[in-house]
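Me: I would like to learn how to read the features of a protein model, one at a time. Could you give the general idea behind each, and then the case at hand?

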Amino acid sequence: MRIQFLGATGTVTGSKYLVTLGRTKILVDCGLFQGFKQLRLRNWADLPVAPSAIDAVVLTHAHLDHSGYIPLLVKNGFRGKVYCSEATYELCRILLPDSGRLLEEEAGYANKHGFSKHHPALPLYTEQDAEYCLKYFSPVKFGVRFPVAGRLHAQMARAGHILGAAMVTIDDGDTTLAFTGDLGRPDDVLMAPPTQLERADYLVVESTYGNRRHDRTDPMVLLGKTIQETVNRGGVVIMPAFAVGRAQVVQYYMHLLKQAGTISAVLPVYLNSPMAADVTGLYRTYRQDHRLNDEECRAMCHAAKIVNSVDESKALNLKRMPMVIIAASGMATGGRVLHHLKAFASDPRNTILFTGFQAGGTRGASIVGGADAVKIHGEYVPIRAQVAQLENLSAHADGDQVLDWLSHFREPPRRTFVTHGEPDAADTLRRRIEETLKWSCTVPEYLETVELG
């Protein structure tokens with residue numbers, strides 16, 4: 001067995017791992033690169049393996065940096081099965097077509113306003129491409145070992161993080177190769193803690209927060225304080241949030257803040273993401289993945305007014321009254337939040353409140369980093385609004401929590417690969433694993449291939 005790292009090396013995006021055994025080839029994860037232009041250009045480059053030669057894909061979860069390349073893989077010739085958990089399939093049915101639609105809208109907007117260097121600008125894939133790829137999905141249950149291709153089998157265990165998120169163990173009947181995917185937090189306000197794996201011959205572990213420790217302060221404190229200060233200025237709070245996971249956490253906190261009287265019960269809160277609204281409904285179906293009871297789940301689902309139509313979305317930009325707008329995407333790389341930033345970012349009474357990690361090269365990272373202006377739809381928008389960031393809402397385990405999870409292995413893996421992190425985060429976690437656990441540990445390079453014994 002061997003593994004080639006086709007993504008998530010030196011970055012937190014583009015997760016793809018090619019696992020090969022003889023003539024059998026499978027991908028674990030199939031995500032889009034996001035952030036810096038040189039990373040995004042990889043989405044347009046040919047893979048080092050023909051899509052038609054890949055026998056199957058196994059997904060850890062539905063976030064686009066793990067699943068968003070699948071429509072293009074199918075478009076370019078892949079005809080195998082895409083294995084994932086049941087909740088991941090339901091989420092991909094929502095996320096992937098939406099991704100295709102946004103890519104088409106961005107290309108259309110670029111053509112209309114003439115700011116693309118390509119004539120015409122084309123989408124990476126379309127909504128129709130994304131709808132078509134769903135026919136290749138094959139949902140599986142947690143805890144059940146299933147055949148993937150050739151002699152390779154797989155088994156999934158809950159990883160926390162988001163609905164349906166899985167740790168994946170691949171085996172050939174002799175050697176086991178485990179992937180944490182995105183590892184959830186043991187103390188997450190919504191999600192159940194990650195399952196504890198006890199052994200693997202080889203392990204691929206994520207390192208998004210490998211060099212950091214989550215602030216133990218209750219997020220409600222900063223969230224409530226920021227909202228109330230903005231309301232007192234007569235301003236609007238714009239909250240870029242991922243439609244899957246983060247938007248639901250924010251909605252739940254909105255409910256708790258109003259229930260506690262920290263913010264006014266009549267303060268308008270809008271969820272401007274039909275996709276996020278659809279995702280929120282799935283929390284009622286997949287109760288085993290999260291901590292909320294029926295009443296809490298119902299309260300979360302009704303914590304914000306859903307904005308469905310484009311006209312409703314545009315109307316929000318004309319309002320000049322205190323309100324909270326939660327909108328995708330979480331790193332301001334696309335989606336309806338861009339239109340809200342154009343409308344509200346130049347007013348110092350307003351607040352742009354980011355709800356998590358901002359990958360290098362994204363608009364979110366630029367704004368958090370103090371940029372005076374950011375480019376949106378071909379024009380520069382001044383940033384005069386207050387900028388704040390809630391880093392302790394992350395659905396990723398931090399460095400201490402990853403190390404604690406690893407410490408419960410009964411025996412060390414023969415080798416551990418640290419991926420899905422910025423360079424400093426990945427190397428910091430590597431060093432801590434080597435020094436604390438005394439494991440053999442590596443940070444792989446992009447396109448590196450490793451033979452597994």
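Reply: Let us begin with strand pairing: two strands count as a pair if DSSP finds at least two bridges between them. Please keep in mind that this is a predicted model.

Me: How many bridges join β17 to β18, and which residue in β18 is the bridge partner of Ala373?

Reply: Strands of a sheet pair through backbone hydrogen bonds, either parallel or antiparallel. Here β17 (residues 373-376) and β18 (residues 379-382) run antiparallel and are joined by 4 bridges, and the partner of Ala373 in β18 is Pro382. The hairpin formed by these two strands has 2 residues between them, and in this hairpin His377 takes a positive phi near 50 degrees.

Me: What is the strand order in the open sheet of 6 strands, and which strands stand at its edges?

Reply: The order is β14-β13-β15-β12-β16-β19, and the pairing is parallel. The edges are taken by β14 (305-306) and β19 (386-389), and because each has a single partner strand, one side of each is left without a neighbour in the sheet. Within this order, β12 (residues 236-240) and β16 (residues 351-354) run parallel and are joined by 2 bridges, with Ile352 in β16 as the bridge partner of Ile238. Helix α11 (residues 337-344) lies across β12, β15 (323-327) and β16, and runs at about 150 degrees to β12.

Me: Where are the edges of the open sheet of 7 strands?

Reply: That sheet has the order β6-β5-β4-β3-β2-β1-β22, with mixed pairing. Its edge strands are β6 (137-140) and β22 (449-451), each of which pairs on one side only, and the twist from one strand to the next averages 25 degrees. An antiparallel example is the pair β1 (residues 2-5) and β2 (residues 16-21), joined by 4 bridges, in which Ile3 stands opposite Val19 of β2. Helix α4 (residues 86-113) lies across β5 (81-85) and β6, running at about 115 degrees to β5.

Me: How should I read two packed helices, and at what angle do the axes of α13 and α14 cross?

Reply: Two packed helices are described by the angle between their axes and the distance between the axes. The axes of α13 and α14 come within 11 Å and cross at roughly 40 degrees, and the two helices are therefore oblique to each other. The crossing in which α13 passes α14 is right-handed, and the residues that meet there include Leu403 and Leu406 in α13 and Leu429 and Ile433 in α14. By comparison of cases, α7 (residues 246-260) and α8 (residues 274-282) have axes that come within 9 Å and cross at roughly 75 degrees, so these helices are roughly perpendicular to each other. Their contact is made by Ala247, Gln248 and Gln251 of α7 with Ala276, Val279 and Thr280 of α8.

Me: What do the buried residues of α13 and α14 pack against?

Reply: Helix α13 is mostly covered, since 6 of its 8 residues are buried, among them Trp405, and its buried residues pack against β9 (166-171), β11 and α14. Helix α14 (residues 423-437) has 15 residues and reaches 21 Å from its first C-alpha to its last, close to the 21 Å expected at 1.5 Å a residue. The buried residues of α14, including Arg430, pack against β11 (202-206), α13 (399-406), β20 (415-419) and β21 (441-442). Just after α14, Lys438 takes a positive phi of about 65 degrees.

Me: Where is Thr60 found?

Reply: Thr60 is in the loop between β4 (56-58) and α2 (64-67), and at 1% relative accessibility Thr60 counts as buried. Although Thr60 and Asp29 are 31 residues apart along the chain, their C-alpha atoms are separated by 6.2 Å.

Note on methods
Residues are numbered from 1 along each chain as its sequence is written. This is a predicted model: local features need pLDDT of at least 70, side-chain atom pairs count only at pLDDT 80 or more; totals for chains, interfaces and linings use all residues. Side-chain values use heavy atoms; hydrogens and water are left out. Contact means heavy atoms within 4.5 Å. Axes are lines fitted to C-alpha atoms, for helices over the stretch in contact, and angles run from 0 to 180 degrees between N-to-C directions. The expected span of a helix is 1.5 Å times one less than its number of residues. Buried means under 20% relative accessible area, exposed over 50%, partly exposed in between (1.4 Å probe, protein chains only). Angles under 35 degrees count as roughly parallel, over 145 as roughly antiparallel, 65 to 115 as roughly perpendicular and the rest as oblique. A crossing is left-handed if the near helix is turned anticlockwise from the far one by less than a right angle, and right-handed if clockwise.
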